[in-house]
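This report describes pockets and a chain interface, with the criteria behind each term.

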Amino acid sequence: MKVLTRDFGEVEVEKEDIFTFEEKIYGFEEYSDFIMIYDDDFNGEYVWLQSTEEPGLCFIVANPSLIPDYKPDFKKEAVAALGKGTYEYWVMMVVKDNIQDCTVNLKSPVIINLDTHKGMQLILEQDYPIRYSLFKGRKES
Amino acid sequence: MLILSRKPGDSLLINDIIEVKVIEANGDKIKLGIDAPREVKILRKELKLTEESNKDSSASATPAKLHSMLGMKSAEEKDESNKI
């Protein structure tokens, strides 16, 4: 099926590519279906979480491997909500003009189950920051 | 910020109409009870902050912005420089 997007034009997706967020993304409760759009320029470090219901609704999520010592504890809640299966998790990123102002939300990762095609945003019990500076001290290139 | 000490069973009264009671304290977890009129919105703070951060994320989520921030050339710029 075709999904219309504001930034990537018309994207062809299979039903299995769609993740249903029954638990919703905070602040965006009217939207439940999303796809992950990969851009070769970014090598899987930054991916787009695109709504299939609203072309203009898209989030940038960052690969958690970019953050040292980030060990979110979500298995119990995730399996209860999304079922058993292979899990992936990503962190919501806020892009700014200045790279040093860019932050990621480590407290509320986006969790997806690759087998049940369900997703959620879970607010962790652990004390992680909501706005963690990903590029602290890095000079603009 | 007003800082007070309360024991389990103690209460705070806010504006005479909102009551916050410490129900029990168990190690590093504290159970609070809140009595407020229906129109008073009560949210875990991290929920509100997550909402705001999500909104900021969606507002800044264009490939062009990301390219620009990382100091990379956008697809359009690459096309242009390839044409030269």
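On a 1 Å grid over the protein atoms alone, a pocket is an open set of points where a 1.4 Å probe fits, with protein on both sides within 12 Å along at least five of seven lines; lining residues have an atom within 4 Å of a point. The model is predicted: local features need pLDDT of at least 70 and side-chain atom pairs count only at pLDDT 80 or more, while totals for chains, interfaces and linings use all residues. Residues are numbered from 1 along each chain as its sequence is written, chains are lettered from A in the order in which they are written, and side-chain values use heavy atoms, with hydrogens and water left out.

**Pockets**

The second largest pocket is lined by B:Met1, B:Leu2, B:Ile3, B:Leu4, B:Arg6, B:Leu12, B:Leu13, B:Val20, B:Val22, B:Ile30 and B:Leu32. Two or more of its lining residues come from each of strand 1 (11–14), strand 2 and strand 3 of chain B; strands (E, at least two residues) and helices (H or I, at least four) are DSSP runs, numbered from the N terminus.

The largest pocket has 20 lining residues, and those closest to its centre are B:Leu32, B:Leu43, B:Arg44, B:Lys45 and B:Glu46. Strand 2 (18–26), strand 3 (29–35) and helix 1 (45–59) of chain B each give at least two residues to this lining.

The table sets out volume, the space filled by probe spheres set on grid points joined across faces, edges and corners, and residue class (Ala, Val, Leu, Ile, Met, Phe, Trp, Tyr, Cys and Pro nonpolar; Asp, Glu, Lys and Arg charged; the others, Gly among them, polar).

| Pocket | Volume | Lining by class |
|---|---|---|
| Largest pocket | about 600 Å³ | 13 nonpolar, no polar, 7 charged residues |
| Second largest pocket | about 370 Å³ | 10 nonpolar, no polar, 1 charged residues |

**Interface of chain B and chain A**

Contact (heavy atoms within 4.5 Å) joins 26 residues of chain B to 36 residues of chain A. Buried area is the accessible area (1.4 Å probe) that two parts lose on being put together, summed over both. For these chains this amounts to about 2600 Å², with 61% on carbon and sulfur atoms. Of the area that chain B buries against chain A, 24% is supplied by B:Asn54, B:Leu66 and B:Met69, more than by any other three residues.

The interface contains 2 salt bridges, a salt bridge being a side-chain nitrogen of Lys or Arg within 4 Å of a carboxyl oxygen of Asp or Glu. B:Asp56 and A:Arg131 form a salt bridge through their side chains, at 2.9 Å from N to O. Helix 1 and helix 2 (63–70) of chain B each give two or more residues to the side that touches chain A, and helix 1 of chain B provides the largest share, 12 residues. By class, this side of chain B has 8 nonpolar, 9 polar and 9 charged residues.
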